[in-house]
Amino acid sequence: MNTIIRFVLLSIACSFVLAIAAVLTTFVTFSVNESAGWSALWEGQIGGVSFLLTVLAFVIIFGSIVGAIIGWYWKGNLKKIEKMLTGIIKGERHPDTEEIPKELEPISARMNQVQEKLRAQTEHAQKIATERANEREQSLQEVVVQERNRLARELHDSVSQQLFAASMLMSAINEAGSAEDATLNKQLNMVEKMIHQSQLEMRALLLHLRPVDLKGKTLQEGVEGLLRELTQKVPLEIDAKIEAFQIDKGVEDQLFRIFQESISNTLRHAKAENLQILLLERDENIIMRVVDDGVGFETEAVKTSSYGMQNMRERAYEVGGTLKIISLPNEGTRLEVKVPILRKEHNPDD
């Protein structure tokens, strides 16, 4: 039931009870004869209208007005509570200057406590992520880098070189081919294009196999370096907007891994011609966005089966962030990661 209607009905009921009490008090106080008293109340008129009907109309009007006023007041207070809860869900800091009615001050104080607890948990999760990142670098990163380099080197020395030789051979055959045999020339051209496409895919794979750590670089430097390498090896138009900001190493590590995974997916599946990169800080949040104009896909169809998407989402959650992917067939894909920044206040006594 609507809040205002509920208060109106409650006020009418209270007014009705008070009116009955007033009528009984009047009857007891001023009535000498019981039958005459009841008859006087029933037959009495005010301005040509029955006394009881007048009382009933007054009760309804008074109760409706009072109930509507109280209802509007509390409906506004409930809206404020809803706004504060929505801000907590979105990770927004509740403004201390906002006017809060005295009735809502205890609730507002509890909400602030909940918000601070959530921020503390997120800060703790980011701290753990940083510690885990350092542990990975100290214990396993060297082994992973060596293995990835070995695979990349073997692919480059064997398959990549063979594809290059096959491409050169097909180019020579096509140049020396007979113009009279159009069908054969067409088939040879198709084979040459297939070999060229395989070379592009091999370059993308080699790019994906490169070491995934930042090697002492900032997140911005790592992203810019990866984009430069991508531009040199793959025919892709890239539009990047990267701003300067500082975050913990653990958050940088996870964001860079998500970025690499998204770029790898674009190269292997999207068949895109244009790529837009956005990396900036807004409203105490780090926003990383990767948008391509490729073939797209049905997000619901691959949400549960894609290990890559699940891995990226878990990396975002690990640092208290969120990951959102929007894609439709033949309309490209948009990936956006948002991670809150939790900066400790400076203590002058430290």
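The expected span of a helix is 1.5 Å times one less than its number of residues. Helices (H or I, at least four residues) and strands (E, at least two) are DSSP runs, numbered from the N terminus. Select α7 to apply the rule: this helix has 15 residues and reaches 21 Å from its first C-alpha to its last, close to the 21 Å expected at 1.5 Å a residue.

The model is predicted, so local features need pLDDT of at least 70 and side-chain atom pairs count only at pLDDT 80 or more, while totals for chains, interfaces and linings use all residues. Residues are numbered from 1 along each chain as its sequence is written, and side-chain values use heavy atoms, with hydrogens and water left out.

**The sheet**

Select the five strands of the open sheet, whose order is β3-β4-β5-β7-β6 with mixed pairing; two strands pair if DSSP finds at least two bridges between them. At its edges are β3 (237-242) and β6 (322-327), each of which pairs on one side only. Neighbouring strands of the sheet are turned by 10° against each other on average, direction ignored. Angles run from 0 to 180 degrees between N-to-C directions, and axes are lines fitted to C-alpha atoms, for helices over the stretch in contact.

**The packed helices**

Return to α7 (residues 219-233), which packs on the sheet and touches β3 and β4; contact means heavy atoms within 4.5 Å. The direction of α7 makes about 170° with that of β3. Buried residues in α7 include Leu-219, Val-223, Leu-226 and Leu-230, where buried means under 20% relative accessible area, exposed over 50%, and partly exposed in between (1.4 Å probe, protein chains only).

Then select α10 (residues 307-318), which lies across β6 and β7 (333-340) and runs at about 145° to β6.

**The salt bridges**

The structure holds five salt bridges, each a side-chain nitrogen of Lys or Arg within 4 Å of a carboxyl oxygen of Asp or Glu. Display Glu-243 and Arg-282, whose closest N and O atoms are 3.0 Å apart. Glu-243 lies in the loop between β3 and α8 (249-270) and Arg-282 in strand β4, so the pair ties together parts that are 39 residues apart in sequence. Glu-243 is partly exposed at 24% relative accessibility, and Arg-282 is partly exposed at 36%.

Within α8, select Asp-253 and Arg-257, which lie four residues apart, about one turn of the helix. Their closest N and O atoms are 2.8 Å apart in a salt bridge. Asp-253 is buried at 3% relative accessible area, and Arg-257 is buried at 14%.

Which residues are linked with Arg-289 in a network of salt bridges? Arg-334 and Glu-336 are linked with Arg-289 in this network. Between Arg-334 and Glu-336 the closest N and O atoms are 3.3 Å apart. Arg-334 is partly exposed, with a relative accessible area of 35%, whereas Glu-336 is buried at 12%.

**A last stop in α9**

Finish at Thr-299, in helix α9 (residues 299-302). This threonine is buried, with a relative accessible area of 17%. Thr-299 touches Ile-325, Ile-326 and Ser-327, not counting residues up to four places away in sequence.
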